[in-house]
Every structure is written in C-alpha cells, then in structure tokens.
Amino acid sequence: MSERILYSYTGLFDTPDEIIGAASKTAEAGYTKFDVNTPYPVHGMDDAMKLPPSKLGYASLVFGLSGTIAAILLIVITTVVDYPNIIGGKPFFSLPAFIPIMFEITVLSASIATVVTMIIVFFKFPNNAHPMHDTDYMKAVSSSRYGVSIQADDKIFSEDQVKDFLNSIGAKDISPIYYDDEEINFKHNVLDLKFIGGLFLLAIIVSGTTYFALNKLMYMTPFNWMMEQDKAIVQSTSNFFEDGTNMRVPVEATIARNTKPYKFKNDPEGAAKFLVNPVPGNEKNLELGKKKFNIYCSPCHDNYGKGESRLRGQFPNPPSLHSQKLRDWSDGRIYHVIMEGQNVMPSYSSQINETERWAIINYVRALQRSLNAKESDLQ
Amino acid sequence: MSSVDYTKEYSVVEGSPRLSEIEDIIIRPLNVKPDKKFYMAISVTLTMLLIGVISLGVSFYYGTGMWGNNNPVGWGFPIVNFVFWVGIGHAGTLISAILFLFRQKWRNGIARFAEGMTIFAVMTAGIFPLIHVGRPWLAGYLFPYPNQHSLWVNFTSPLLWDVFAVSTYFTVSFIFWYVGLIPDFATMRDKTTNALKKVIYSVFSLGWRHSNRHWQNYEMVYLILAGFATPLVLSVHTIVSFDFAVSVLPGWHTTIFPPYFVAGAVFSGFAMVQNVLIFIRKIFDMEHIITLDTLEKMNKIMMLTGMLVGYAYAMEFFIAWYGGVEAEQFAFVNRAFGPYAWAYWIMVSCNVLSPQLFWFKKVRRTIPAMFAIAVFINVGMWFERFVITVTSLSRDFLPSSWGYYSPTLVDFGILIGSFGMFFTLLLLFTKTLPVVSIAEVKAVVDGAQPTHGDH
C-alpha cells in the first residue's frame, strides 16, 4: 500500500455552514491546490475559497461574435455575391431580412461553443480516470455531505500537518485518496489491431450507407415518383389515346377567342358585294384607324398611302391607294384584302381586329379624299 | 391548504426532507421494474404512434393527396400541428431559462421535466414541415450547402428562418437539458450497484466530481445559456408567426402576430406541462417536490397568458375595423360567423373563458378542476392554429377561388400519431432519466444554503 501515490487528503462535513467555514480556513492557511466538493452549488463558496470570477463569459463573447460574422458572411456571399436574386423588389443586401438567421446562428454557435469550452477546456472532461472516482468520499459528496480535499502537490503539503489541520477545522472521516495504479499505468495503443479494424469497419459502413442512400435508394419506389408521373408529355407517344399522340385536336368548328369565321374566303367579289362597314367614320374611329394604319400599313404604303415604301427596296413597293380603281372599290373589297392579303401583301387578320380593320378603311377613305377632293368638300 | 398566506415566502419543497431522501425518491422509478400501469400506458401510446406511422406510410406511398389539403387551403393539418407542437415546446424553455433569470425557486422542481417536454415537442413538431413538403427525404435542400444546382436557399424567406429557428431551438434546448443532467448522472453513478448502469452513467456524467471549482463555471454556463435561451424562445414563435404575418393574406398580415403567438405558445405549453406533472407527482410520490403551490403558480401564468391571448383576439377585430381594409374586415367577420364559426367559438370559449375560472383560489388549488381547464386550453390552442391557418386561406381576396377544407382520416391518423410519439417519448423518459433535477432540488431544500453571508 505504501507504494501507492497520494493524490489528496479529504475530510467530510455535515452542514453547509461548516463547509463554508472550513473552506475559508483552508484558503487562509495558505493552501491553493484544494477543492470543495458539494452535492449542489453552495452559495458563498466562491468567496470562501477565494476563487477568481469565472472567465467563461469571454468564451461566449468570442464564439458568439464569430457566429454573427460567419452568418452574415454566409448570407452575403450566397445571396449578394454568388447568386443574387431579386426577391420582393428588395435590394440584394437587405439587412433586416438577414437578422433572424444572424441571431439564430449567433445563439447556436455561442451556446454550443460555451458548453464545449467549459467541458473540455475548463473541466478537462471527459475524465473518468480521476483518482477521486469510486471512493467513499466521492459517494458521500455526491449524495448528502460536503467535503474538503487538499491535494498532495500543493506547495505546503505534508501528510501529518494536513491531517492535523483537517482535525482542527472539525472534519470527520478524514481519509487519503490514492491514484489508481491501473489507471496510471494504462497506455493507449493507437496501432492496436482491434482499434484499426474498428475504424476500418466504421469507414466501410458509413461510406456504404451513403452510397446506397444517394445512388440506389433515391431511384427506388416510391422515392423516384417525382420522375415517373402519370401525365401527358407533348411530342411523346401516348399509351392512352388511340391515335398515339398526347396533343389533342380541338373539336370541329372550334374557334379561337375573339375571332369570327370569315365567310368570303377566296371570294373578293362576294366580299365587295355583301360586306358593309359597320364602324361610323367619326373622329374617334378615324384616330384609331390612323394609329393602326401608321403601325401596320405605313411601312409599305407610307403614311399617305402613296406606296412610297420605307423599306428601301427590300420589299416590292405596293401600288398607290389613290388610284381610281381603289377609289371605286367598296369598303368590303378593301376589307377582303386586309383579311386575305393580295399579291405579296400577307393577311393582317391576326394583327388587326375587326373594328380596327373597318377603322383603317375609314382612314384610307379620308386619305383618298384628301388628294382627290370633291367640289362639295370645299364648302 | 385552503388558507394560504401570500405575503410569506414558503419553501418550494415541503417537509424539509433530507438530501439523501430526495435522490432516493427521484431515482426510484429508474431502479424498479415497470409496473402494469406503465405497460398499459405505453401500449396505448405505442398504438397511437403506430396509427401515425401507418398514416404516414399511406401518405408517402400514395402521395399527399391522401390529405384534405386542397387548392386554396394548401396549409392544412401539417402546419396546424406544427405550430401547435412548437408552441407546446415553449413552456420548457420559459420555465428553465426565463424563470431562472427571475430567480423563481419553484421552477427547480419542474424544470427538468418541462425541458424534456420541450425537446420531445420540438421533435414531434419537426415531423410536420418535413412531411408537408411531400418528400421528406429531400429535406437536405433546406440547408445552405454548395450543391449541384449551384443554388442557395432564400435567406430572406420566413420559411427558411423557421428552419434555422427550430433547429437552433432544438439544439440549444438539448444542450441546456444535458448540462443540467451532468451532476445528476454523477450522483446516480455513485449510487447505482448495477455494473452496466454504472458504465452508462459514468460515460454521460463525463467524470463529474461535484467540485466547487467546477460548480462555479457550471453556474456561469447555466446563466449564459439561460441568457441565450430567453431571447431564443421568444424568437422561435416570433419567426413561426412570421410565416403567416409576412404574407399578404387578410387575417395573417398583422403586426400583432409575434407577441400574440408567443403568449399563445406559453399558454398551451404551461397547460401541457401542468397536465403531465399532475400525473407524475402522483405516480412517483413527488407531491412534496412538485407542490400544489407550484401548480398554482403555473395556473396563474396560464390565466395571465390566456388573457393576453384574449386581448389579441379582441385587438385583431378592432384593428380590422379601425384599419379600414375591406378584405381584412371580411376575414375577421368570416372567422367569427363564416363556415368555420364552430372552430372559432370553440377556440374563444376554451382559451378566453375557461382560464377565467382561475380567478377563484379554490379552482387554482383543486387538481381535477385545473386539469380539466388545462385540457380545454390545449384543445382551444389547437383550434386557434386551425382557425388562423384555415379560415384565411379558404376565403381570400377572390371569391372565385374560395373553398372549404375538411381533413381526411389520414390527417387525423397523423395527428393521433404525433400525440403517440410525444407521450411514448415522455413515458420512456420517466423510466430512463431523473424527471426532477436532483442537484437543483437539493439546493432549494430548507437548510441547504448557509445561514450567514449576504445573499
């Protein structure tokens, strides 16, 4: 037994008042490497032991601020620099919308880091090899008693003096705590075959599971159902419709919205005879006709209908709209030309609606009258 | 106990038990074999859980068309349940962090259990946004990581704030809980005679030695964590309310939502904690640790938050009228008198009227009465989320796109399953970990602190 290395001498107390007194006396006697063990934090013990205030707050501050900075960098790099998107018409850097996530990341990083710092840096935990474990002293302080432990590596430690000192402050059950030989002599062996084998097995399991999940599982039922959907895809063969195409032909006699079937297809004479201009030639309709004429007709017919094209020879010039032939045409005959085109002029039925067509005809009549006025116009 | 002198501060633990008695009582459920009642309880909760699992299986095999969610009401039960469970989780952090900062000693007896409930409630809540996306195995896209699409998540969206808020809340609550458990693991390690338990407790106690040099930092970390958790708990339900308030839908687009949601969360969370504690203190003989005084204080908090919620209901109506926005006015009239009027009036009678009974001291201190009221509160708070989510969506600006939402059997199956999961975890918790913090309760027993000093 005498070969065992002494860790500390301990004494137990029964009430919180006693332990506070004992702690302050121990500190006053000049011991620095001593500790008080209590089942719960006892108020006033830090002063009695003359402990400096905890420095844990600094760790929180540093890690919390790092979290804030990391969060704002993450957000700015992703949403302002790498892939800027306009969201809700706001600027790319819209700080108010970033604050919630900055706050959450700050709290998260500060909380985790403070606790990890406390456990690993301040406490040097996990440490189940400490000599105090499994002693009667530990069992007592972990349940209902209060203990003082003076360590053997203290500068003024000597076994007899400490025993007397503990007696003098009224400690009960004074006992030494020794290092455990087995714990001290235990050596970690990183190259142990079992350890390496375990690591290897772990690596295979992790990589195998990941490979399976990403490359196989996602292509199995029902995980692949986003790719296989029962819907008709245009331009592909249909298994559902008899004719084998997915695109459907409208029902016969279906017409597009805002269109009327044109009765006088390939029948200019019919159009000239039967179509009547329903749009009165008032100021409003002439304005409309002028506007549409200038947009759709004037590139070739020019603004006055003389046929002086602005296309500078890239397209044949049309004949003048002021010829006797055209002046003699009925409104319906001109309407037919707008609907079906003539010679190289294409149909304008899809660009100009019915009212606009008649309004343009009214405007063309006005243009014709402007160059070939009747006597009565002068009055 | 009918005459209580409120001018005197009573000890929060009745009968000044010895320290070793406290740990004996708290650890006992861990050492005795589960009895018949436990097996009966867990078979019920496991059946509920199984119903939920089957409903989820059906949902994923056939698709989310199995639910009642339809075109105007895209947020049906999943979001209602999510908000409900996140709200339940709020009491735990409030008790463990905010009441700690206010130095309310009575919290010590119930903090551990309430924190456990927080963790389980947030776990339960987390299921719902995942299943609501329809393909929960693709949930990784919610986190900003460099992916093959070269796309990032939208950091200005409240839905993403939610991802961060809820995951942070879960992590911090879990750390808080574990830090509180470390000294208790050490106590159990030194007390147990079972070799396997000794190994488990030793590992989780990390080698804690009850050293005062450690207690000093430990108390500091507890203070820091409480300081972080307090704004965090307020932020979580604020952000959940942003999911609604940041949209432009009438009935959602209101600035009262964050405080209103936080009050509602605390309200429902306390009701749930009170309900479960009533069973725990009876079954585990902890009536002197979780005292009637503690329950009464919780009832008072419920009454306060209930009135806050009632004020919010009234203020929503007032602002709808005062603001003069027609769509908003219609939304609120529609809530109270439209097709969902039944849900609205269940909500009002449960949340606003029933807690008013707590004005009577007799009701505050009678176990069956307070239990019934707390059950009503939870029913009412579930309906509150239902009313908010469904009424606004079902009738928005365009009458041509109005609709009516009715949940399906699968929806109810998932709701039952969520309760099953929550209570199964709670039951397992009571048998595996100390449901009351040993070290914290020891610290507030009569005579546990030195008589001298300036504290």
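Helices (H or I, at least four residues) and strands (E, at least two) are DSSP runs, numbered from the N terminus. The model is predicted.

Q: Where in chain A does A:Pro126 lie?
A: The peptide bond from A:Phe125 to A:Pro126 is cis, with omega near -5 degrees. Helix H4 of chain A covers 95-122 and helix H5 covers 136-143. A:Pro126 lies in the loop between H4 and H5 of chain A.

Q: In which loop of chain B is the place of B:Ser150?
A: B:Ser150 is a residue other than glycine with a positive phi, near 55 degrees. Its place is in the loop between H5 and H6 of chain B.

Q: Which strands stand at the edges of the open sheet of chain A?
A: Four strands form this sheet with antiparallel pairing, in the order S2-S3-S1-S4. Each edge strand has a single partner strand, so one side of it is left without a neighbour in the sheet. Neighbouring strands are turned by 20 degrees against each other on average, direction ignored. The edge strands are S2 (34-37) and S4 (172-178) of chain A.

Q: What is the bridge partner of A:Phe13 in S3(A)?
A: Strand S1 of chain A spans residues 6-13 and pairs with strand S3, residues 146-151, in the antiparallel sense over six bridges. In S3(A), the partner of A:Phe13 is A:Tyr146.

Q: At about what angle does helix H6 of chain A run to S1(A)?
A: Helix H6 of chain A consists of residues 159-168. This helix lies across S1, S3 and S4 of chain A. Its angle to S1(A) is about 10 degrees.

Q: What distance separates the centres of domain 1 and domain 2 of chain A?
A: The domain assignment gives chain A domain 1 (6-185), domain 2 (188-249) and domain 3 (268-373). Taken over C-alpha atoms, the centres of domain 1 and domain 2 of chain A are separated by 48 Å.

Q: How are H1(B) and H6(B) oriented to each other?
A: Helix H1 (residues 19-31) and helix H6 (residues 158-191) of chain B have axes 12 Å apart and pack at an angle of about 80 degrees. The contact is made by B:Glu23, B:Asp24, B:Ile27 and B:Leu30 of H1(B) with B:Thr187, B:Met188 and B:Lys191 of H6(B). By class these are three nonpolar, one polar and three charged residues. Angles of 65 to 115 degrees count as roughly perpendicular, and H1(B) and H6(B) are therefore roughly perpendicular.

Q: How do the residues of the contact of H5(B) with H9(B) divide by class?
A: Helix H5 (residues 111-132) and helix H9 (residues 257-283) of chain B pack at about 125 degrees with axes 11 Å apart, and their crossing is right-handed. H5(B) contributes B:Phe113, B:Ala114 and B:Met117, while H9(B) contributes B:Met272, B:Val273, B:Val276, B:Leu277 and B:Ile280. The division is eight nonpolar, no polar and no charged.

Q: Which residues of H8(B) meet H3(A)?
A: The axes of helix H3 (residues 56-82) of chain A and helix H8 (residues 212-245) of chain B come within 9 Å and cross at roughly 35 degrees. The crossing is right-handed. The contact has five nonpolar, three polar and no charged residues. From H3(A) come A:Leu56, A:Gly57 and A:Ser60, and in H8(B) they meet B:Asn217, B:Met220, B:Val221, B:Ile224 and B:Phe228.

Key: Residues are numbered from 1 along each chain as its sequence is written. Chains are lettered from A and ligands numbered from 1 in the order in which they are written. This is a predicted model: local features need pLDDT of at least 70, side-chain atom pairs count only at pLDDT 80 or more; totals for chains, interfaces and linings use all residues. Side-chain values use heavy atoms; hydrogens and water are left out. Two strands pair if DSSP finds at least two bridges between them. Axes are lines fitted to C-alpha atoms, for helices over the stretch in contact, and angles run from 0 to 180 degrees between N-to-C directions. Contact means heavy atoms within 4.5 Å. Domain bounds come from an automatic or database domain assignment. Angles under 35 degrees count as roughly parallel, over 145 as roughly antiparallel, 65 to 115 as roughly perpendicular and the rest as oblique. Ala, Val, Leu, Ile, Met, Phe, Trp, Tyr, Cys and Pro count as nonpolar, Asp, Glu, Lys and Arg as charged, and the others, Gly among them, as polar. A crossing is left-handed if the near helix is turned anticlockwise from the far one by less than a right angle, and right-handed if clockwise.
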